[in-house]
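Subject: Handing over a structure, with notes on what was found

Dear colleague,

I am passing a structure on to you, and the notes that follow go through what was found in it. Please keep the sequence and the model open while you read.

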Amino acid sequence: MNDKEKIQDVMDRIPMNQKLEEKLLAIKKGNTTEIEEIEAKCKKTRKQTYGKRIVQVAAAFVLFFVLSNTTAFAVTGSTIVEMMFGGRGGEYVAELVDIGEQQVQIGDYQVTMKESIFEKETKIGYAVFEIENDRGEILYDKDMSLFLDFGEEINPEEEPGRRRFIFSTIGGGGVSGRAQKKGKTLLACMSFELSEGGTGLEITDEVTNASYSFKIHSESQAKKYFVNNNTNLWISSLGIMMVSECKAGEESTLARTVEAEDRDGRKYMLFDDGRDETAWTTYSENVDGETVSYWNQFSFAEPIDLERVATVYVNGKEVKMRRL
């Protein structure tokens, strides 16, 4: 379908004044005489119908844009925001979403990364994949709470459930996710963390041992706070990262609560170790034999409005914001 046919298809869906429709078709044809004749017929009622025509024409072309633009994928309910957050908080992560598609062909499988988000300071990322197969059937374990692999079982007798393709990060970090079928297409939304030096996601083919990579674009919108001499805290719309260093053998001083206050003095809890089931995801690294670095991460159930955060309290004590 070409652009003119798409425009006509959109117009057909919208209730429209007959004279207006005739005029739009004349404009498309470039027929100046016909346009002038229609304008003469409409002249008497122009004032009464002008506002309505503007709305109708705008609606037609807005709908055409939505239908023809590649971001129409967002309307299907299969985007990161829809799949991971139930459609809530999308306006707070809009600047982080990368809609640059990346596609690989693996035999008769076609895998496309439709969207990705990676907030580099809090190390929180998400990606939506669309997986298709020439045979029309994508196998995966429907009862898996963590979507990590897909495809046919490669050794069902000795290793039942082991599938051909495995998702992982490039450079380190965890991967989990969820999947759903849309007709014969498998849609998978991955949540992941990238360690320092991590660059993206990859799929490994367990049959051929080949790997196929997807580069992740990183952005930051986080606010940084000074907690104490050896601990800093980052807060983004996606979650929290607390980084601290201490002597080997000593526990890192954890934040038990992280509370925010808006400019009107209203407080709301961002993290409560006694309430949040998942609590912290903790990583550690021995720096020099005496010092250990700790990374404590927490992802929000849905994105928050970072602009609302005026003041932050850790364990009930106000902490100061640092310029990044």
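Two strands are said to pair if DSSP finds at least two bridges between them, and the strands themselves (E, at least two residues), like the helices (H or I, at least four residues), are DSSP runs numbered from the N terminus. Strands of a sheet pair through backbone hydrogen bonds, either parallel or antiparallel.

Please bear in mind that this is a predicted model, in which local features need pLDDT of at least 70 and side-chain atom pairs count only at pLDDT 80 or more, while totals for chains, interfaces and linings use all residues. Residues are numbered from 1 along each chain as its sequence is written, and side-chain values use heavy atoms, with hydrogens and water left out.

As an overview, the protein has five helices and 18 strands. Of its 324 residues, 40% count as buried, where buried means under 20% relative accessible area, exposed means over 50%, and partly exposed lies in between (1.4 Å probe, protein chains only). Among the contacts in the protein with a separation of 6 or more, 57% come from residues 24 or more positions apart, a contact being heavy atoms within 4.5 Å.

The sheet

Five bridges then join β8 to β9, with K215 in β9 as the bridge partner of G200. These two strands, β8 and β9, form a hairpin with five residues between them, and N209 in the turn has a positive phi of about 65°. Strand β8 (residues 200-205) is mostly covered, since five of its six residues are buried.

The aromatic residues

The structure holds ten aromatic pairs, counted where rings of Phe, Tyr and Trp (its six-membered ring) have centres within 6.5 Å; planes under 30 degrees apart count as stacked, over 60 as edge-to-face and the rest as tilted. One of them is the edge-to-face pair of Y109 and F150, at 6.1 Å centre to centre with 65° between the planes. This pair links distant parts of the chain, with Y109 in strand β2 (residues 109-119) and F150 in strand β4 (residues 149-153), 41 residues apart. Y109 is buried, at a relative accessible area of 1%, and F150 counts as buried at 1% relative accessibility.

Another is the stacked pair of F118 and F192, at 6.0 Å centre to centre with 10° between the planes. F118 lies in strand β2 and F192 in strand β7 (residues 185-192), so this pair ties together parts that are 74 residues apart in sequence. Both F118 and F192 are buried.

Finally, Y109, F129, F150, F165, F167 and F214 form one aromatic cluster.

Best wishes
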